[in-house]
Amino acid sequence: MNGWVVLLWSFVAALVLIIAGIFGSLVVMGRVSLFPEAAPTPVPTPVETGVVDPSISVIILNGTPDEGLDTQMRETLINNGWASDDVLAGDSSSTDFPTTTVFYVNDEDELAAIGLANLLDGAAVQQSDFYPAESADGQKQFRVVIGLDRSTSAPATPADTPAS
């Protein structure tokens with residue numbers, strides 16, 4: 001019986017040494033850390049809400065097949081402080097513009113463009129020199145192109161149309 005006890009203790013000692021060797025190897029290789037560092041707490045990035053500036057004139061172009069969206073958006077701006085003379089509305093040359101977008105030219109106008117986009121229920125904002133930065137009388141201006149995302153009669157994207 002004494003031989004069996006010695007054999008059992010030898011087996012337990014070998015098992016403990018093997019486990020300690022594996023653990024030691026993992027620590028040395030850096031796979032296991034005895035004193036792990038605390039994970040850095042992510043800091044939320046502030047979302048820019050922009051500034052509403054009704055002193056900047058706005059030209060609204062309806063880039064959808066729906067009639068009257070430009071007039072509705074014009075009324076929204078007038079009801080939020082823009083002078084009626086500073087907001088012009090009309091149809092775009094195309095009727096398949098995908099996303100309602102506020103276009104601005106100069107970097108210093110970005111916050112005002114973001115404010116205008118938020119006022120228009122989250123329109124996209126894009127810097128582009130395609131449209132002029134100033135009106136004929138030298139006043140700053142933005143262009144808003146109403147896209148198919150605001151349309152009720154057109155599919156939201158060209159991919160939504162059924163194939164023939």
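Which residues are buried in helix α3 (residues 110-119)? In this predicted model, they are A112, A113, I114, G115, L116 and A117. These buried residues pack against several other elements, namely β1 (57-62), α2 (69-79), β3 (101-104), β4 (124-127) and β5 (141-146). Just after α3, D121 adopts a positive phi of about 60°.

Stepping back to the overall layout, the protein has three helices and five strands. Read from the N terminus, their order is α-β-α-β-β-α-β-β. Of the 164 residues, 29% are buried. Among contacts with a separation of 6 or more, 72% join residues 24 or more positions apart.

Now to the outside. The accessible surface comes to about 11,000 Å², and carbon and sulfur atoms hold 60% of that. A nonpolar one is formed by V5, L8, W9, F11, V12, L15, V16 and I19, which together have about 810 Å² of accessible area. A negative one is made up of E48, D107, E108 and E110.

| Residue | Place | Relative accessible area |

Conventions
Residues are numbered from 1 along each chain as its sequence is written. This is a predicted model: local features need pLDDT of at least 70, side-chain atom pairs count only at pLDDT 80 or more; totals for chains, interfaces and linings use all residues. Side-chain values use heavy atoms; hydrogens and water are left out. Buried means under 20% relative accessible area, exposed over 50%, partly exposed in between (1.4 Å probe, protein chains only). Helices (H or I, at least four residues) and strands (E, at least two) are DSSP runs, numbered from the N terminus. Contact means heavy atoms within 4.5 Å. Patches are made of residues with over 30% relative accessible area and no salt bridge: like charges are joined within 9 Å, nonpolar side chains (Val, Leu, Ile, Met, Phe, Trp, Tyr) within 5 Å. Accessible areas come from the Shrake-Rupley method with a 1.4 Å probe; for residues, only the protein chains shown count as cover. A salt bridge is a side-chain nitrogen of Lys or Arg within 4 Å of a carboxyl oxygen of Asp or Glu. Lys and Arg count as positive and Asp and Glu as negative; His and the chain ends are not counted. The place of a charge is taken as NZ of Lys, CZ of Arg, CG of Asp or CD of Glu.
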